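Hello,

Here is the structure for your files. My notes on it follow below.

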Amino acid sequence: IQKARSSYGESEDEIASLMNSKSAEWSSADSQQLLQDEQNEERKELEEERTRPPEILTALGKHLAALPLDPLLGRMVLLSVLLRGVEMGISIAAVLSVPNIFVSPFVQRSLEKSAKVGANDQMYQGGRSASASR
């Protein structure tokens with residue numbers, strides 16, 4: 001029986017022996033070195049964070065942080081206040097904050113559908129009783 005050969009022409013035994021030799025080459029000293037390298041990198045990152053100057057918000061940034069909006073929309077609203085067009089700025093920001101204004105949520109659609117069916121039934125019954133009374 002011939003042994004299966006890989007695409008490189010090696011048998012399964014040769015591949016297994018290569019894998020074992022590679023794992024034997026990987027010693028605990030190598031893993032210790034990798035661990036130390038990772039710890040040194042973490043220390044450097046922490047040191048960089050400590051030496052970084054604190055981030056200070058500008059006056060505009062403080063006002064934008066207080067608004068429950070995307071910063072771009074908040075900036076538009078604040079500029080509309082300065083330019084005395086508050087109603088238009090807020091309306092545009094409201095339209096832009098929603099992905100699609102022509103799509104209603106599933107729950108709302110089902111409520112609207114049931115209301116329409118109920119209204120149609122009432123109109124049908126009312127029209128039928130009105131025609132019957134004539």
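**Charges and overall build**

The structure holds one salt bridge. Please keep in mind that this is a predicted model.

The bridge is formed by the side chains of Glu-47 and Arg-50, with a distance of 3.3 Å from N to O. Both residues belong to helix H2 and sit three residues apart, which is about one turn of the helix. Side chains of opposite charge can pair when their charged atoms come close.

How exposed are the two partners? Glu-47 has a relative accessibility of 41%, so this residue counts as partly exposed. Arg-50 reaches 61% and therefore counts as exposed.

There is also a patch of negative charge on the surface. Its members are Asp-37, Glu-38, Glu-41, Glu-42, Glu-45, Glu-48 and Glu-49. One of them, Glu-41, is placed in helix H2, which covers residues 28-51.

As for the chain as a whole, the protein chain has six helices and zero strands. Its pattern along the sequence reads α-α-α-α-α-α.

Of the 134 residues in the protein chain, 7% are buried. The accessible surface of the protein chain is about 12,300 Å², and carbon and sulfur atoms account for 59% of that surface.

On contacts: taking those in the protein chain between residues at least 6 apart in sequence, 3% join residues at least 24 apart.

Regards

Definitions and conventions:
Residues are numbered from 1 along each chain as its sequence is written. This is a predicted model: local features need pLDDT of at least 70, side-chain atom pairs count only at pLDDT 80 or more; totals for chains, interfaces and linings use all residues. Side-chain values use heavy atoms; hydrogens and water are left out. Patches are made of residues with over 30% relative accessible area and no salt bridge: like charges are joined within 9 Å, nonpolar side chains (Val, Leu, Ile, Met, Phe, Trp, Tyr) within 5 Å. Accessible areas come from the Shrake-Rupley method with a 1.4 Å probe; for residues, only the protein chains shown count as cover. A salt bridge is a side-chain nitrogen of Lys or Arg within 4 Å of a carboxyl oxygen of Asp or Glu. Lys and Arg count as positive and Asp and Glu as negative; His and the chain ends are not counted. The place of a charge is taken as NZ of Lys, CZ of Arg, CG of Asp or CD of Glu. Helices (H or I, at least four residues) and strands (E, at least two) are DSSP runs, numbered from the N terminus. Buried means under 20% relative accessible area, exposed over 50%, partly exposed in between (1.4 Å probe, protein chains only). Contact means heavy atoms within 4.5 Å.
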